[in-house]
Amino acid sequence: MTPMLARTNHEAHLYMDLRPCACGATAFDRASSVVLLPDGDLGSRYAGACACGREREFLFRLPAQAEPPTAEPRYGDAGPSQLLDAGEWLWVADRYAQAVPADPRTLPATARATARARLAQALAAVDEVLKFAGTDPAVPPDAFWTARGRAVRDREPGRFTVARLRAVRDAYARVLRQVDRAGGH
């Protein structure tokens, strides 16, 4: 198993959550440990049993320099992900955003906090998609290497222009600010 770079623990856990067991389940009781990779770099090993009894294991290369903690969710550094492709990141953003009611400002405090967290995660996932575009006007074809990612792109390729991604990101940020104001932040 060749370890891929996980820029943050958050990114590693998301990757594992998107890779189901042969039985279809995604959750498993995972224990983690820091390991020394054959090339001398540090890695992170997650292992545990799925509910079906199959053992699952994931091995990730750790970044040379850890990302400092931030107040808002962040999946990685300035470079694009090596774990999730651009289409998967947009799929993740869509799932988080769809879990937020149309006007989260009217929710009770606990539900509003959950909605805020989901919006912040959706925004961070859109930021990850934008990293694949770099200075190009759209995300390039080689940024889609998974079946899920290609399916998202193929359903609506226009969603991967930088202008449209920025518009989505700005909309999430605007609602996030409204939720913060409603909560007294």
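Aspartate 180 is buried in this predicted model. Its relative accessibility is 17%, under the 20% cut-off, so it counts as buried. Its side chain has a charged partner: aspartate 180 and arginine 116 meet in a salt bridge, 2.5 Å from N to O. Arginine 116 lies in helix H3 and aspartate 180 in helix H5, so the pair ties together parts that are 64 residues apart in sequence.

Arginine 116 is also buried, with a relative accessible area of 19%. A salt bridge joins its side chain to that of glutamate 72 as well, at 2.7 Å from N to O. This pair links distant parts of the chain. Glutamate 72 sits in the loop between strand E4 (55-61) and H2, 44 residues from arginine 116 in helix H3. Is glutamate 72 buried or partly exposed? At 33% relative accessibility, glutamate 72 counts as partly exposed.

Now follow helix H5, which runs over residues 162-182. At 1.5 Å a residue, its 21 residues should span 30 Å. The C-alpha atoms at its ends are 30 Å apart, which agrees. Which residues of H5 are buried? They are Val162, Leu165, Tyr172, Ala173, Leu176, Val179 and Asp180. Seen down the axis of H5, these buried residues fall within an arc of 120 degrees, so they line one face of the helix. The face turned away from that buried side carries the exposed residues Ala163 and Arg181. Helix H2 (86-98) and helix H3 (109-133) are among the elements that cover the buried residues of H5.

Sequence neighbours within four places aside, leucine 119 is in contact with Val100, Pro104, Tyr172, Val175, Leu176 and Val179. Of these contacts, Tyr172, Leu176 and Val179 are among the buried residues of H5.

Helix H2 comes next. Its 13 residues should span 18 Å at 1.5 Å a residue, and its end C-alpha atoms are 18 Å apart, which agrees. Its buried residues are Ala86, Gly87, Glu88, Trp89, Leu90, Val92, Ala93, Asp94 and Ala97. What covers them includes helix H1 (9-17), H3, H4 and H5.

Where does arginine 159 lie? It is in the loop between helix H4 (147-155) and helix H5. Arginine 159 is buried, with a relative accessible area of 18%.

Glutamate 156 counts as partly exposed at 35% relative accessibility. Arginine 164 counts as partly exposed at 35% relative accessibility. Elsewhere, salt bridges that share partners join Arg7, Glu11, Asp77, Glu128 and Lys131 into one network. How many salt bridges does the model hold? The count comes to 17.

The last stop is a surface patch. Val34, Leu36 and Leu42 make a nonpolar patch of about 330 Å². Leucine 42 lies in strand E3 (residues 42-49). It is partly exposed, with a relative accessible area of 47%.

Methods
Residues are numbered from 1 along each chain as its sequence is written. This is a predicted model: local features need pLDDT of at least 70, side-chain atom pairs count only at pLDDT 80 or more; totals for chains, interfaces and linings use all residues. Side-chain values use heavy atoms; hydrogens and water are left out. Helices (H or I, at least four residues) and strands (E, at least two) are DSSP runs, numbered from the N terminus. Buried means under 20% relative accessible area, exposed over 50%, partly exposed in between (1.4 Å probe, protein chains only). The expected span of a helix is 1.5 Å times one less than its number of residues. The arc is that of the directions from the helix axis to the C-beta atoms. Contact means heavy atoms within 4.5 Å. Patches are made of residues with over 30% relative accessible area and no salt bridge: like charges are joined within 9 Å, nonpolar side chains (Val, Leu, Ile, Met, Phe, Trp, Tyr) within 5 Å. Accessible areas come from the Shrake-Rupley method with a 1.4 Å probe; for residues, only the protein chains shown count as cover. A salt bridge is a side-chain nitrogen of Lys or Arg within 4 Å of a carboxyl oxygen of Asp or Glu.
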